[in-house]
Amino acid sequence: MALPKYTEPHYRIWHYVYIFICTCVFFFLIAPLFVIFPLSFNAEEFLSFSEGMKNLDPDAFSLRWYKDMIYGTKNPWGLAAKNSFIIAIFATLGSVLLGTVAALGLSSRHMPYKGLIMATLISPMIVPLIISGVAIFFFMAKAGLAATHTGIVLAHIILGTPFVVITVTATLSGFDHSVTRAASSLGSDPVNTFMKITLPLILPGVISGGLFAFVTSFDEVVVVLFLAGLENTTIPIQMWTGLREQLSPTILAVATCLIILSTLILVTAELLRRRSERLRGINR
Amino acid sequence: MSSETGKILTTDGIPLEVSLKKAERKNKIKAFLLVAPLLLFLLITYIFPIGDMLMRSVDDKMVTEMLPKTFKSMEKWDGNEIPPEEVFEAFYIDFQKLVEEKRDGKLSTQLNYTKNGFKSILKKLRRKAKNFEEGNYKEQIMSVHKRWADVEYWRAIKRRAPAFTSAKYLKGMDMYKNEEGEIVSVEEDRRIHRVLWLRTLEIAFFVTLLCFLMAYPIAHLLATLPMKYSNLLMICVLLPFWTSLLVRTASWMILLQQQGVVNDFFVMIGLVADDNRPEMMYNKTGTYVAMTQILLPFMVLPLYSVMKTISPSLMRAGKSLGGTPFITFWKVYFPLTIPGIGAGCLLVFILAIGYYITPALVGGASGTLISNQIAFHMKSTLDWSFASAMGLMLLAGVLAIYWVYNKLVGIDNIKLG
C-alpha cells in the first residue's frame, strides 16, 4: 500500500487517515477477545485488572480458576462439556448426512422447484433463533422429547443443516459431472461412484460444512434454553447462567478454552478452504 | 421406419421425445428423492411447528367450547336488547354443566378479560342457581344481580363466540377491540410493545449502519492488500466470527462494566472523573457496542467477496480519464460494490432484528429487544399464544426482508467464511 511519490499532500493525509481508521476497526474487532486471556489468570476474585496485574507482579497471576473449572466440586462444567460434545458430535453427523444428500439432489440440474426448496432448507438459518426455539419447543414437547439429549440433537440438526447444504452446494457448483458419468460407464454402481469419486472430491466442502454445524451446535444457547432440563446442561447454558447470575473468573477460564478451540477450528476451516480451491482449480 | 410417422424413434421403437421425457422424469424423481429426507425432516420438526404457532396465536376455542348451547341460541339474537328466554335457558344449562365439572372458574377468568365485572356476578349466579326452579330462567337469572339485566354483559359473552381471535396480535401492537368492536390503542403510558418494536427497528438499523461504516474501509483494505498481508488480517475478521457468541458477549461485559477496562482507560486519560464513571452496560450503549462488534464479520465477508472481483485497472482507467481519486471512487468503485453492500446490510439487519442473547446480557431494561419479550412470555408469564403471536409478527418482517434478499442476492449466493 505504499503511495507513489507524486501523490499530492492532501491525498497523502487522507491515505494515512484511512489506514488509521482501518487499524481502529481491526482493533475493535479483535481486542475484546484478548481481554479474556490475562484476566482468566487473575489470582483474585474480580473481573478487572488488579494493581498487581498492572505491575506484572507474578503473585497476582494464578491458575486457580482453571483448577476450579476442572476440579471444582460444585462446578457443572464437566457434565456440561460432556453433554456439549456428545450433542455437537451427533448433531454434526446428522446434519452432514442429511445436508450432503440434499445438496447432491439440489445440485442436479433436473431438480424441480429448486428455488423454493432451497429457500425452505436454508430457512432455519434466516429465521430468528428465538422463533425457531419456540417452534421447536412446541414440537419437542408434543413428541415427548423435551429435556432429552435426542430432542436437543434433533433441534441442532435443524439448525446445522443449512450450513452443510450451502457449503456442499458451493463445492458441487464447480464439480465436473463427467467424472461420475465416466465411472458409471465403466460399470460402477451409483453408491460406489459416490463413495469412490464424488465424496473424495467434495470432501473439503462436506468437512467445512460439518465444522459450521459443529460450531453452531456447540455454541447454541437460545433453543437449548427452551429444551434443556438440568440433566442436559451444556457449556453455553452454563455460561449464560454464569453471566446472568454470578460472574466468576471460572467463566473466563472456560472462555479462554473456547477461544483456543475456535482458533483450531478456524485454522482447519482455512486449510480446507484453500485445499478445496486448489482442487477446484481456482488459483488466486 | 421413422420417415413414416415423421418422428425420430429410439432403437426400442419408442418415439425419442417420449423416451427423453421418461428419462427426464426419472432424473427429476431421483433428484427429488435425494432432497426428500431433509425436506421431510424439516417439514415435520420445523415448518409444521411454525404453523402450530400460528394456530396457537389465534386459538380462542376455550370459551367457545365451554358455552356451546349459549352461542348456538345467540345466533339469532341481534344484540340490541336483552336476549330472549331461550338464550338464558341455554346459558343456564351450559353454566350448570361447567359448575358440575368445576370449570366455571376458568369461564369467569376468561369472561372477565372481555369485560370487567363478570367474576362477581358469575360467583353469585353459581350460589343462587342451585335453588332455581324449572322454567322462566330469564327472570330468575336477571334477579340474581342487576348486571345480568344489562345488555352490555350479554354482548360481551357473544363477542367470545368465534373460535379464533386476533386479540393477541392486537395486544402485540398495544391495541384492543373495545365494546363496540372497534380497534383502538391502549393509553399512551401503557404502550410497551410499540416502544419495543420501534426500539428493535432502531437498534437493528443503527447497528447495520455502524457495521457498514466500519466494514467498508477494512473490506476495501483486505481486497486491495497483497495476499500475504490480507490473509493475516483476515484472521482478525474470522477469529471473532468463529468464536462463541457468549465468549464475545462476556468480553464486552468485562470491558464495559463500571470498573472495567474501558472505564479505567477513560479515567487514565482524564476523560471522566474516577468517581463519576459512566454506565456503559445494561443500557442501549452496551447493546449497540456489543452487537456491532459481533455482527461486523457478517458485513465484512460479503463486501470483501464483491470487492475482490473488482479489477484495479478500472480505478486506473478512471484516474487516467481525469477523475480525482475521490471522484473515481465515487463514480466507479462504489457503484460496483453495491451488490455487496446490499447483501451485507440485509444479512446484518436480519440477524440484528432477532437478536436475543447479547441484548439480554448487556442490554439491561432499556436495551432489550422484541426477542427478549418473546422469551419473557415463553418462560415467565407462560402466555404461549401471545409469545407465538409476537414471534410470527417478527417472522413476517424477517421473511419480507429474506424475500428481498433472495431477489437481490440469491439465496444460493450466500458465502460462508
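Residues are numbered from 1 along each chain as its sequence is written, and chains are lettered from A in the order in which they are written. Because the model is predicted, local features need pLDDT of at least 70 and side-chain atom pairs count only at pLDDT 80 or more, while totals for chains, interfaces and linings use all residues.

**The two chains**

Chain A has 12 helices and zero strands, and chain B has 20 helices and two strands; helices (H or I, at least four residues) and strands (E, at least two) are DSSP runs numbered from the N terminus. Chain B has a radius of gyration of 32 Å, well over the 22 Å of the globule rule for 417 residues, so it is more spread out than a compact globule.

| Chain | Span of C-alpha trace along principal axes |
|---|---|
| A | about 75 × 70 × 35 Å |
| B | about 100 × 100 × 40 Å |

Buried residues make up 44% of the 284 residues in chain A and 34% of the 417 residues in chain B. A residue is buried if 20 or more other C-beta atoms lie within 10 Å of its own, exposed if 12 or fewer, and partly exposed in between, with C-beta atoms placed from the backbone.

Chain B is divided into domain 1 (2–57), domain 2 (61–163) and domain 3 (192–413), with bounds from an automatic or database domain assignment. The centres of domains 1 and 2 of chain B, taken over C-alpha atoms, are 56 Å apart.

**The contact between the chains**

The contact takes 75 residues from chain A and 73 residues from chain B; two residues are in contact if their C-beta atoms, placed from the backbone, lie within 7 Å. On the chain B side, the largest share, 18 residues, comes from helix α2 (residues 16–58).

**Helix α8 of chain B**

In helix α8 (residues 137–144) of chain B, the buried residues are B:Tyr137, B:Lys138 and B:Ile141. Seen down the axis of α8(B), they fall within an arc of 100°, so they line one face of the helix; the arc is that of the directions from the helix axis to the C-beta atoms. These buried residues pack against α5 (85–100) and α7 (118–129) of chain B. B:Glu139 and B:Ser143, on the other side of α8(B), are exposed.

Terms used: Rg over C-alpha atoms; globule rule 2.2 N^0.38 Å.
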